[in-house]
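Reader: I would like a close look at a single part of this model. Please keep it brisk and stay with what the atoms show.

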Amino acid sequence: NLLVEHSPVGSSAYRSVGEWLEAIKMGRYTEIFMENGYSSMDAVAQVTLEDLRRLGVTLVGHQKKIMNSLQEMKVQLVNGMVPL
Amino acid sequence: MCTNIVYEWLKTLQLPQYAESFVDNGYDDLEVCKQIGDPDLDAIGVVVPHHRRRIHEAVRRLKEADETVAGLYFTLEPQP
């Protein structure tokens, strides 16, 4: 099934912002992110919807995709740090 | 994962070939599809004019369906 999303992976799985953006097929924004100071995964984790709009990510689908991916990474980060 | 709602929607429009591109671009539910305009279709890669027209019309119908429901809730509100 082509519509099945790729299995979620934590932020540590991505070595760079470019690699992360390519993985969620948003590679076209790599340069914009780098040029505006979001050049590490730690910096990217702080991005808000407002930031995305300011960076010129105006398409709602792309905003949704990026914010969902960030949310996913944060959830996994929290789960990873809390022992079950 | 069950079949995506956007795939179902596009199938009813006889445009299922765009489903993967819709989802890849983050248009993976009908709420976000309601906001589709020309720039979104450009990014998704819908270039055939009558396909674009068909999607624009369907987006308009999604919004109208919303308003109908909103109207229904309004009339069901208890009277003071």
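Over residues 6-65 of chain B, what percentage of the chain is helix, what percentage is strand, and how far apart are the end C-alpha atoms? Please go on from there to the salt bridges and to the side that touches chain A.

Author: This is a predicted model. Residues 6-65 of chain B are 68% helix and 0% strand. The stretch itself comes from a record: an unreviewed UniProt entry lists residues 6-65 of chain B as "domain: SAM".

Confidence next. Chain B has a mean pLDDT of 90, and 88% of its residues reach 70 or more. Within chain B, helix α4 (residues 38-44) scores highest, at a mean of 98. Helix α5 (residues 49-76) of chain B scores lowest, at 87. For the complex, the predictor gives an ipTM of 0.80 and a pTM of 0.81.

Start inside chain B. Asp42(B) and Arg52(B) form a salt bridge, with the closest N and O atoms 3.0 Å apart. This pair links distant parts of the chain. Asp42(B) sits in helix α4 of chain B and Arg52(B) in helix α5 of chain B, 10 residues apart. Their surroundings can be read from accessibility. Asp42(B) is exposed, because its relative accessibility is 52% and the cut-off is over 50%. Arg52(B) counts as buried, because 15% is under the 20% limit.

Helix α5 of chain B holds another pair. The side chains of Glu64(B) and Arg60(B) meet in a salt bridge at 3.1 Å, N to O. Why about one helical turn between them? Glu64(B) and Arg60(B) are four residues apart in helix α5 of chain B, so about one helical turn separates them. Glu64(B) is partly exposed, at 38% relative accessible area. Arg60(B) is also partly exposed, at 44%.

One loop residue deserves a stop. Gln14(B) lies in the loop between α1 (5-12) and α2 (19-24) of chain B. Its phi is near 60°, a positive value in a residue other than glycine. Gln14(B) is exposed, with a relative accessible area of 63%.

Now the side that faces chain A. In chain B, 17 residues are in contact with 14 residues of chain A. About 1400 Å² is buried between the two chains, and carbon and sulfur atoms give 57% of that area. Six residue pairs are in polar contact across the interface of chain B and chain A, both residues being at pLDDT 80 or more. On the side of chain B that touches chain A, α2 and α4 of chain B each supply at least two residues. The most comes from α2(B), with four residues.

One of the crossing pairs is Asp28(B) with Lys64(A), where the closest N and O atoms are 2.3 Å apart. Asp28(B) is in the loop between α2 and α3 (30-33) of chain B, and Lys64(A) is in helix α5 (residues 60-81) of chain A. Asp28(B) counts as buried, because its 18% relative accessibility is under 20%.

How values were computed
Residues numbered from 1 in each chain as written. Chains lettered and ligands numbered in written order. Heavy atoms only, no water. Buried < 20%, exposed > 50% of the residue type's maximum accessible area, 1.4 Å probe, protein only. UniProt positions renumbered as here; feature names shortened; annotations may be inferred. pLDDT = per-residue confidence, 0-100. Contact = heavy atoms within 4.5 Å. Buried area = accessible area lost by both parts, 1.4 Å probe. Salt bridge = Lys/Arg side-chain N within 4 Å of Asp/Glu carboxyl O. Polar contact = N/O pair within 3.5 Å; in protein donor to acceptor, adjacent residues only side chain to side chain.
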